[in-house]
Amino acid sequence: MNAMYKNEGKQKAYFDYAIKANDFDIKRAYNEINMFKEIVTAAENAEGIVSLDYKLKGVLNQNMEPVLPSLEGNGTLSVKQVKMKGFKLLNSVAQKTENDAIKDPDISKVAIKSTIKNNLLTIERFKFKVSGFRLRFEGQSSLDGKLNLKMRVGLPPLGLIGIPIKVTGTKDNPNINLGKKSDDLEETEYVDGVSPLTNPTDSTAVPVPAISKDSVPMPKTNPEEKVKDSVPMPKVPNDSIPKKKAEYFFCC
């Protein structure tokens with residue numbers, strides 16, 4: 001593990017570290033490493049062996065706790081062999097789709113790539129098999145527990161027919177609905193020295209009135225010019241023009 005720590009008085013400190021750990025106990029890491037507990041919340045319901053290759057930086061407060069909106073990082077969690085017990089998300093999906101085989105699954109040989117920024121953990125699409133079902137998973141989770149995830153449950157035997165699922169709500173109370181579309185989670189940008197706000201607005205901005213195309217007055221036309229242009233030119237039919245009579249000359 002490579003790490004950098006810089007203290008800024010008694011109120012905060014900056015940190016930046018890269019960690020690469022192979023084949024460790026996921027339950028032990030969840031119980032003993034606070035940062036791991038904050039980011040990999042699903043590990044609460046997991047038992048088994050995983051590996052981690054991750055880079056992370058951010059700010060610590062006066063209690064040496066991470067300021068969640070300040071965290072930025074990316075990396076890969078590699079699942080070697082994990083048993084999920086009592087995992088509310090998959091158990092709720094199992095109940096919604098009426099497939100009990102998805103409950104408390106065994107997961108193995110899965111690489112989960114993710115990025116962290118503005119209080120959001122973005123999970124890239126990954127796939128795994130559970131009792132003949134082929135599950136596809138991707139989406140976002142805020143570091144304070146809100147969910148916006150998309151799943152596809154591919155039905156046996158080959159997963160060609162699948163059930164699209166959207167997961168919203170929170171990790172403690174997930175809402176499972178069939179379908180694909182869901183609202184994006186709000187980002188929380190961290191500004192150094194300023195309390196984090198969600199989508200701050202500029203109070204000094206002056207609204208500019210919109211000008212409708214139909215509301216712009218058109219220049220008036222001079223009536224005389226309009227009359228002049230509107231005088232029709234007489235048409236002379238070809239038949240009305242008198243033709244010269246032919247003259248005949250006779251000789252003796």
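Student: What is the bridge partner of Tyr 14 in β3?
Tutor: In β3, Tyr 14 has Val 59 as its bridge partner. Strands here are DSSP runs of E with at least two residues, helices are runs of H or I with at least four residues, and both are numbered from the N terminus.

Student: What sort of model is this?
Tutor: This is a predicted model, in which local features need pLDDT of at least 70, side-chain atom pairs count only at pLDDT 80 or more, and totals for chains, interfaces and linings use all residues. Residues are numbered from 1 along each chain as its sequence is written, and side-chain values use heavy atoms, with hydrogens and water left out.

Student: Back to the strands. In which sense do β2 and β3 pair, and over how many bridges?
Tutor: Strand β2 (residues 12-25) pairs with strand β3 (residues 46-60) in the antiparallel sense, over 11 bridges. Two strands count as paired if DSSP finds at least two bridges between them.

Student: And how many bridges join β3 to β4?
Tutor: There are 12 bridges between β3 and strand β4 (residues 72-84), and the two run antiparallel. Met 84 in β4 stands opposite Ala 46.

Student: What lies in the loop between β3 and β4?
Tutor: Asn 61 has its place there. Asn 61 is buried, at a relative accessible area of 19%, where buried means under 20%, exposed over 50% and partly exposed in between (1.4 Å probe, protein chains only).

Student: What does the side chain of Asn 61 reach?
Tutor: The side chain of Asn 61 reaches the backbone nitrogen of Asn 63 at 2.9 Å. Leaving out residues up to four places away in sequence, Asn 61 touches Gln 11, Lys 12 and Val 67; contact means heavy atoms within 4.5 Å.

Student: New topic: how many aromatic pairs are there?
Tutor: The count comes to 4 aromatic pairs. Rings of Phe, Tyr and Trp (its six-membered ring) pair if their centres lie within 6.5 Å; planes under 30 degrees apart are stacked, over 60 edge-to-face, and the rest tilted. Phe 24 and Phe 36 form an edge-to-face pair, 6.1 Å centre to centre with 80 degrees between the planes.

Student: Why does that pair tie together parts 12 residues apart in sequence?
Tutor: Because Phe 24 lies in strand β2 and Phe 36 in helix α2 (residues 34-39). Both Phe 24 and Phe 36 are buried.

Student: Which residues do ring pairs link into a cluster?
Tutor: Phe 126, Phe 128 and Phe 137.

Conventions. Polar contact = N/O pair within 3.5 Å; in protein donor to acceptor, adjacent residues only side chain to side chain.
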